Each structure stands twice: as structure tokens, then as C-alpha cells.
Amino acid sequence: MFNVDLLVNALTTLLVTLDPPGLAPIFLSLTVGLSRQERFQVATRGSLIAFFILAAFALFGNGILGLLGISIGAFRIAGGLLLFWISFEMIFEKRQERKEKTGENATTKDHIHNIAVFPLALPLIAGPGAISATILLAGSFPTAIERTQLLIVIALSMLSLFLALVIAERIDRFLGVTGRAILTRLLGVILAALAVQFVVDGVKSAMAL
């Protein structure tokens, strides 16, 4: 009923993809000038919206793929390659730069009115990598009970991210530039390994091995 290894793998994949420590300083830059209470509200709303987005893909992502005639094996290969590219960006400090640029553009255009929706919830939290990872993981949780377990894992991941946003100032001061660089690269290597495993599983599934 409970596959602990599968649940741990799912939680690790989501946490590494979401990268809470890496998002903390970006969240601070997006909410410059806001009070602590206003930041809390933005973090709460953004995390909830991102949770519902990922939950929707966890529940209906495979159905959408079926309607489009895309096998789960093919999507595992494509999703694994996408996650590998994200890990490449993390290792070589490209992802953080891209996220910061996205945040700066959004702040300039819309200021803080809808900042919890864009760019925080989408695409900084529930971005292409997180959505792809969610759909890939959903393929390993086929039954209703197992899918409920996946939703709990998503909720735990989002709770961890929310807590990281709430204490973003402390995390930023604690890690510093060097700490963030080391942690981001370490998470990138882990995500690369997970991405390769997705591709291997996808090839096996596509070839019915």
C-alpha cells in the first residue's frame, strides 16, 4: 500500500525541482518594500495557487497525455530531458539568473498587484520543470489511493517551500552567495541523476522491456 522508496523519490524530485533555498532570495527581490505581513500573504497565496496547479496536473496530466496520444514512456523521456536541462542550468548557475530576470521583468510591468500569481506561483514555483516532474511522478501512482499519496507529497513539498519563503531573509543571510552556489550545484547534480532515471524508465516503457 505504501511504497516508502517511491514516496521518498517523489518528495526528493519535487523538492529539488522547486529549489526552496534558491527561490528565497528571488522572493525577497520580488517583494522589496512590502511589510512582513504582506510578504506572508504573498507567500501564502503563491504557494496555494502553485499547489492547485501541480495537483491538477497530478490528477489529470495523464488523461491529457492520453487525449493527445502521448504515451507515458514518451513523456518520461521528454520530461527527463527537460529536467536534465534544468539540472544543467542549476549546476552552471543559469537557472538562478533566468529566474531573477523573470522576477525583475514582472516587477517592472505589474509591480506587486498580482505578484503571487505571476511570477511567483507561475512560472517560478509551478514552472515547466515542476509540472513535468509532477506528471512523470503521477505515472508511478496509478491508483486512487496512490494518487492521494502523491497529493500529500506535493502538499509537503509546497509547505517546505512556503516555510522557506516565510524565513527567506534568514535563509539568505545564513547561506550567503557562496552557500547558495554550493547548494544549488549539489541539488543540480541530484536532479540530473533523477532525470537520467526518468529517461531510462521511459525507454524501457516505450520499448516494453
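Of the 209 residues of the protein chain, 43% count as buried. The model is predicted, and the legends below describe the chain as a whole and then selected close-up views.

**Figure 1. Overall fold of the protein chain, with 9 helices and 0 strands.** From the N terminus onward, the order of elements is α-α-α-α-α-α-α-α-α. Among contacts with a separation of 6 or more, 86% are between residues 24 or more positions apart. The accessible surface amounts to about 10800 Å², and carbon and sulfur atoms contribute 69% of that area.

**Figure 2. Helix α1 and its two ends.** Helix α1 covers residues 4-18. Its 15 residues extend 21 Å from the first C-alpha to the last, close to the 21 Å expected at 1.5 Å a residue. At the start of the helix, a side-chain oxygen of Asn3 comes within 3.3 Å of the backbone nitrogen of Asp5. At the other end, α1 is followed by Asp19, which has a positive phi, near 55°. The buried positions of α1 are Leu7, Ala10, Thr13, Leu14, Val16, Thr17 and Leu18. An α-helix has 3.6 residues a turn, so residues three or four places apart point the same way.

**Figure 3. Helix α2, a mostly covered segment.**

**Figure 4. The largest nonpolar core, a set of 53 residues.** Leu83, Ile125 and Met158 touch the most other members of this core. At least two core residues come from each of α1, α2, α3 (36-67), α4 (72-91), α6 (116-125), α7 (128-138), α8 (144-166) and α9 (168-206). In soluble globular proteins, nonpolar side chains tend to be buried together.

**Figure 5. Surroundings of Met158 and Ser47.** With residues up to four places away in sequence left out, Met158 touches Leu18, Ser47, Ala50, Phe51, Leu54 and Ile125. Ser47 belongs to helix α3. The relative accessible area of Ser47 is 5%, so this serine counts as buried. Under the same exclusion of residues up to four places away, the contacts of Ser47 are Met158, Phe162 and Leu165.

**Figure 6. Ser157 of helix α8 and its leucine contacts.** Ser157 has a relative accessible area of 1% and is therefore buried. Apart from residues up to four places away in sequence, Ser157 touches Leu11, Leu14, Leu15 and Leu18.

**Figure 7. The salt bridge between Glu169 and Arg39.** A search of the whole structure finds 1 salt bridge. The side chains of Glu169 and Arg39 meet in this pairing, at 2.9 Å from N to O. Because Glu169 lies in helix α9 and Arg39 in helix α3, the pair ties together parts that are 130 residues apart in sequence. The two partners fall into separate accessibility classes: Glu169, at 35% relative accessibility, counts as partly exposed, whereas Arg39, with a relative accessible area of 16%, is buried. The cut-off for burial is under 20% relative accessible area, so the value for Arg39 falls within it.

Methods: Residues are numbered from 1 along each chain as its sequence is written. This is a predicted model: local features need pLDDT of at least 70, side-chain atom pairs count only at pLDDT 80 or more; totals for chains, interfaces and linings use all residues. Side-chain values use heavy atoms; hydrogens and water are left out. Buried means under 20% relative accessible area, exposed over 50%, partly exposed in between (1.4 Å probe, protein chains only). Helices (H or I, at least four residues) and strands (E, at least two) are DSSP runs, numbered from the N terminus. A nonpolar core is a set of buried Ala, Val, Leu, Ile, Met, Phe, Trp, Tyr and Cys residues joined through side-chain atoms within 4.5 Å. Contact means heavy atoms within 4.5 Å. The expected span of a helix is 1.5 Å times one less than its number of residues. A polar contact is a pair of N or O atoms within 3.5 Å; within protein, one must be able to donate a hydrogen and the other to accept it, and residues adjacent in sequence count only if both atoms are side-chain atoms. A salt bridge is a side-chain nitrogen of Lys or Arg within 4 Å of a carboxyl oxygen of Asp or Glu. Accessible areas come from the Shrake-Rupley method with a 1.4 Å probe; for residues, only the protein chains shown count as cover.
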